[in-house]
Amino acid sequence: MYRLILDTDPGLDDALALFLALASPEVQLEAITTVSGNVHVDLTTRNALALLELAGRTDIPVARGCDRPLSRQPVFADYVHGQNGLGGVELPTPKLQPLAQHAVDLIIERVMAAPREITLVPVGPLTNIALALRKEPRIADRVREVVIMGGALRVPGNVTPEAEFNIYADPHAAHIVFHAGWPIRLVSLDVTNKTLLQPEQVQALASNGSPVTRLIQQMVDNFLDTFGRPRGLTAFQMHDPLCLSAAFQPEMITWEQAYVDVELADSLTLGETVAYFAKRTEDLDPSLEHLHPPNMLTSVGVDVERFISLYMDRIQTTFHL
């Protein structure tokens, strides 16, 4: 059993990742923690609560997290995800309420109470995770693994030519998380850009008529109509769902050890993830290897067909009338 805390900023692909967690029998979703990112944390929290209610899983606690990055001014991706974060699809006001406990404190409490059993899966900016480390550094030794959606290592960024959104939104938090000395898997744009859910697959999902699959279709259709097709995108990139799947089926991705750091100073490359791959460093100058020992496993390949099949099967099996 994989015990996960999903740290998230719903968000279209965040919503699809949440549904995959709920649909996976080997996953025990301990809690959802929310953060500002795609939209403000007030909206990401509301969305998380509403999505759980829609899926009939009001047993899972939600804790509201940070409303701004550590050092920089807030940036949002509502131009991608819509003003409400769900592509303009309006869900009923949730009756479920978030915990009084702050997300940072919940993360610390759950990890410390279950040494090496909890996997953190942050699929938004890393603000909550970094502050949890700062408040209680011992979680670095107690966590099972940290599986992060973020970065662009050998491909262009998606918010600037160099930077991926989650890292760009809070690069200082990413720097803290990357250098905490705990086990990290980084699921970057290098692989998530390849995992495309096609419109006909979305239509097949929604054919069973369940509220969850209908919502998926509405969100994806709205995304493609308003943001995707004007920019040449004809399918939905499954960034966060792929990251979520990597927490319990990591073998779907090909991993390579690397030292990854984050650009913090240059305004043109802020949030860039710079990777030193072990083999490449050795080829250039073996004497440099000790300067950049690997600090994470990075995603360099993915079995797209297997992942999309997994997603389709899990959602159709779990969410139906």
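Modeller: A helix axis here is a line fitted to C-alpha atoms over the stretch in contact, and angles run from 0 to 180 degrees between N-to-C directions. This is a predicted model, in which local features need pLDDT of at least 70 and side-chain atom pairs count only at pLDDT 80 or more, while totals for chains, interfaces and linings use all residues. Residues are numbered from 1 along each chain as its sequence is written, and side-chain values use heavy atoms, with hydrogens and water left out.

Biologist: At what angle do helix 10 and helix 14 cross?

Modeller: Their axes cross at roughly 20° and come within 10 Å. Helices are DSSP runs of H or I with at least four residues, and strands are E runs of at least two, numbered from the N terminus. Helix 10 is therefore roughly parallel to helix 14 (under 35 degrees; over 145 is roughly antiparallel, 65 to 115 roughly perpendicular, the rest oblique).

Biologist: Which residues make the contact?

Modeller: Helix 10 contributes Gln201, Ala204 and Leu205, and helix 14 contributes Ile308, Tyr311, Met312, Ile315 and Gln316, contact meaning heavy atoms within 4.5 Å. Six of these residues are nonpolar, two are polar and none is charged (nonpolar: Ala, Val, Leu, Ile, Met, Phe, Trp, Tyr, Cys and Pro; charged: Asp, Glu, Lys and Arg; polar: the others, Gly among them).

Biologist: Which residues of helix 10 are buried?

Modeller: Val202, Leu205 and Ala206 are buried (under 20% relative accessible area; exposed is over 50%, partly exposed in between, with a 1.4 Å probe and protein chains only). Viewed down the axis of helix 10, they fall within an arc of 90°, so they line one face; the arc is that of the directions from the axis to the C-beta atoms. Glu200 and Gln203 are exposed on the other side of helix 10.

Biologist: And what do the buried residues pack against?

Modeller: Strand 7 (196-197), helix 11 (211-228) and helix 14 (304-318).

Biologist: Where is Asp313?

Modeller: Asp313 is in helix 14 and, at 43% relative accessibility, counts as partly exposed. Asp313 and Leu205 are 108 residues apart in sequence, yet 9.1 Å apart in space, C-alpha to C-alpha.

Biologist: Changing topic, how do helix 5 and helix 8 pack?

Modeller: Helix 5 (residues 127-135) and helix 8 (residues 171-178) pack at about 50°, with axes 8 Å apart. Helix 5 is therefore oblique to helix 8, and their crossing is left-handed.

Terms used: Left-handed = near helix turned anticlockwise from the far one by under 90°.
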